[in-house]
Amino acid sequence: MKMCPVVHFEMPAEDKKRMTEFYTKVFGWQTQQLGKEMGEYVVVTTTETDENRMVKAPGTINGGFYQKTEDKLSQYPSIVIQVDDIQAHMKIVEDAGGKISGKMEDIPGIGLWASIIDSEGNRISMLQPHKR
């Protein structure tokens with residue numbers, strides 16, 4: 001099986017403004033607050049990207065901050081793993097003892113995204129990027 005790379009990280013925030021200021025001050029990260037149509041997600045840039053928003057330096061990733069909620073699965077950081085065929089991988093997840101958490105979503109300009117629970121109860125996500 002082809003290896004699927006980690007391409008993004010996500011971290012919960014009780015106060016996204018405070019968290020944004022912390023990571024900007026401590027690590028020099030750049031942030032962009034998205035609107036309600038994107039769940040008020042904060043896009044985090046940790047490394048230089050090209051015109052397609054792909055990282056230039058191999059081995060680096062960017063991420064985002066989401067609103068922490070009472071849902072225990074939203075309490076911890078998560079990683080996003082890139083796959084070629086998200087539908088096929090959703091079946092592989094279930095066959096391997098994992099669970100699909102919610103519905104697959106189309107993130108405009110990015111790709112198809114699905115949250116899953118692995119065999120140990122960890123929430124991670126998969127992303128099938130749109131073809132460019």
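Q: Which strand does Gly102 lie in?
A: Keep in mind that you're looking at a predicted model. Find Gly102 in it, and you'll land in a strand. That strand is E6.

Q: Is Gly102 buried or exposed?
A: Let's check its relative accessibility, which comes to 57%. The cut-off for exposed is over 50%. Because 57% passes that mark, Gly102 counts as exposed.

Q: How many Å apart in space are Gly102 and Tyr66, C-alpha to C-alpha?
A: Along the sequence, these two sit 36 residues apart. In space, going from C-alpha to C-alpha, the gap is 16 Å.

Q: What are the edge strands of the open sheet?
A: The sheet has 8 strands with mixed pairing, and their order is E2-E3-E4-E1-E5-E8-E7-E6. An edge strand here pairs on one side only, so look at the two ends of that order. They are E2 (30-33) and E6 (99-107).

Q: In which sense do strands E3 and E4 pair?
A: E3 covers residues 42-45 and E4 covers residues 62-67. Val44 stands opposite Gly63 in E4. The two strands pair over 3 bridges, and the sense is antiparallel.

Q: At about what angle does helix H1 run to E4?
A: H1 takes in residues 16-27. This helix lies across E1 (6-13), E2, E3 and E4. Its angle to E4 is about 155°.

Q: Which strands does helix H2 touch as it packs on the sheet?
A: H2 spans residues 86-95, and its direction makes about 170° with that of E6. The strands it touches are E6, E7 (111-117) and E8 (123-129).

Notes. Residues numbered from 1 in each chain as written. Predicted model: local features only at pLDDT ≥ 70, side-chain atom pairs only at ≥ 80, totals over all residues. Heavy atoms only, no water. Helix = DSSP H or I, 4+ residues; strand = E, 2+ residues; numbered from the N terminus. Contact = heavy atoms within 4.5 Å. Axes fitted to C-alpha atoms, helices over the stretch in contact; angles between N-to-C directions. Buried < 20%, exposed > 50% of the residue type's maximum accessible area, 1.4 Å probe, protein only.
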